[in-house]
Amino acid sequence: MKELKKNWKNGEFGRCYLFFGTEGYLIRDYEQALTKAILPEGTEMMNHDIFEEKRATASAIIDAAETFPFLNDKRLITIKNSGLFQKGGLKDDIEKLKAYMADLPETSCLLFVEDKVEKTSALYKAVGKYGQAVEFKKLSERELAAWIKKICKDNGMEMDAEVSGLFLQTVGSDMENIEGELMKLIAYKGEERTISAEDIREVCTVSLEAIVFDLVKAVAEKRPEKAVQIYRQLLFQKESPYMILSLITRQFRFILETKLFSESGLTNDAIAAKLGVRDFAVREYLKQSKRFPVEGWKQAMRDCLQTDLDIKLGKAAEETAVELLIMKYASK
């Protein structure tokens, strides 16, 4: 992946690319980078075709690829969420595009951007043969720290490892949000070079994900007053009780899965990769998992689902039902 932008800068392009994976920020970043590399400013309108979902038919894609570029070396054909890399995709279209890959003219480049991809699909294999399929996964804590360090350096700033860890715990795991909060910090510091923990507490907006993380941590540490205080503060901030419940359920599931994976012998790095979370989160989940045995966490999941059902059926008021769930597991 790291070589892609270097190749594009040198004018080296594949016939076709497939971008997919769980890290949407990186997918958008590389999509924009490829677009700018192939289409210099002023040539975009005449040389860029975009087909989304049902409009992404084999005939439309091939017709665009066969069109000669105007005042540029290449045309770019971007295809988004076509469904052609999944079972149930249009077989005729898949076969046509698979066959066409071998004859794709040098004056065109196909870029597929897909939410869902099956690596056993015929078109996936064709892209791998004639171009490049790139999976963008969530970055590890170490990779994120390196990315943050580079942004700081590019802006004449410094942030040490401990502060970087606090920053990630505060703003959450979304890369777009991380970048936005980091630029706020850089603007806040002005001429000063070093970003401190106090700066993060002063400037950064704590993500809902991070707040619920702290709420569940309070539950696991048997601190019902703290857990309820966090919950009520979220309600005061107009957060939906139902959304909070969904995030609590997600956290409970991560704790249970972390416990199971750890007991099966997986390393923290492997668990983080499987769950799509950061390293520091896995370390915290392991601590929290000691609160109950496996069956206890399974029961917690069942209680979350029952609370969800009771709310949907009108058997319980949202705010009260979620608070009772929090109190039950914080007080156990």
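Mentor: D103 counts as exposed because its relative accessibility is 58%, and the label exposed is used for values over 50%. Please keep in mind throughout that this is a predicted model. D103 is placed in the loop that runs between α5 (91–100) and β4 (108–114), and its C-alpha atom is separated by 20 Å from that of I38, a residue 65 positions away along the chain.

From E3 to K189 the separation in sequence is 186 residues, and the C-alpha atoms lie 33 Å apart in space. N81, in the loop between β3 (75–80) and α5, is partly exposed because its relative accessibility is 29%. K222, which sits in the loop between α11 and α12, has a value of 53% and so counts as exposed.

Most residues other than glycine have a negative phi. N81, although it is not a glycine, has a positive phi of about 50 degrees, and K222, likewise not a glycine, has a positive phi of about 60 degrees.

For the chain as a whole, buried residues account for 46% of the 332 residues. The fold is made of 17 helices and 5 strands, and the C-alpha trace spans about 70 × 55 × 40 Å along its principal axes. Taking the contacts between residues at least 6 apart in sequence, 74% of them join residues at least 24 apart.

Among the helices, α13 (241–263) can be followed from one end to the other. The length of α13 agrees with expectation, because 23 residues at 1.5 Å a residue should span 33 Å, and the C-alpha atoms at its ends are 33 Å apart; the expected span uses one less than the number of residues. After α13 comes G265, whose phi is positive, near 100 degrees.

Which helices each supply at least two residues to the lining of the largest cavity? They are α13 and α17 (318–331), and α17 gives the most, with 3 residues. The structure holds 1 cavity of 30 Å³ or more, and the largest cavity has a volume of about 40 Å³. Its lining consists of V219, I248, F252, L325, I326 and Y329, and by class these are 6 nonpolar residues, with no polar and no charged ones.

The largest pocket, for its part, contains about 650 Å³ of space. There are 14 residues in its lining, and those nearest the centre are K2, L26, Y30, L139 and W147. Helix α1 (2–9), together with α2 (24–38) and α7 (141–154), is among the elements giving at least two residues each to this lining, which divides into 7 nonpolar and 7 charged residues, with no polar ones.

S173 is placed in the loop between α8 and α9 (175–189), and its side chain makes a polar contact of 3.3 Å with the side chain of E209. Leaving aside residues up to four places away in sequence, S173 touches I178, E209 and R278.

Conventions. Residues are numbered from 1 along each chain as its sequence is written. This is a predicted model: local features need pLDDT of at least 70, side-chain atom pairs count only at pLDDT 80 or more; totals for chains, interfaces and linings use all residues. Side-chain values use heavy atoms; hydrogens and water are left out. On a 1 Å grid over the protein atoms alone, a cavity is a set of points where a 1.4 Å probe fits but cannot get out, and a pocket is an open set with protein on both sides within 12 Å along at least five of seven lines; lining residues have an atom within 4 Å of a point. Grid points are joined across faces, edges and corners, and a volume is the space filled by probe spheres set on the points. Helices (H or I, at least four residues) and strands (E, at least two) are DSSP runs, numbered from the N terminus. Ala, Val, Leu, Ile, Met, Phe, Trp, Tyr, Cys and Pro count as nonpolar, Asp, Glu, Lys and Arg as charged, and the others, Gly among them, as polar. A polar contact is a pair of N or O atoms within 3.5 Å; within protein, one must be able to donate a hydrogen and the other to accept it, and residues adjacent in sequence count only if both atoms are side-chain atoms. Contact means heavy atoms within 4.5 Å. Buried means under 20% relative accessible area, exposed over 50%, partly exposed in between (1.4 Å probe, protein chains only).
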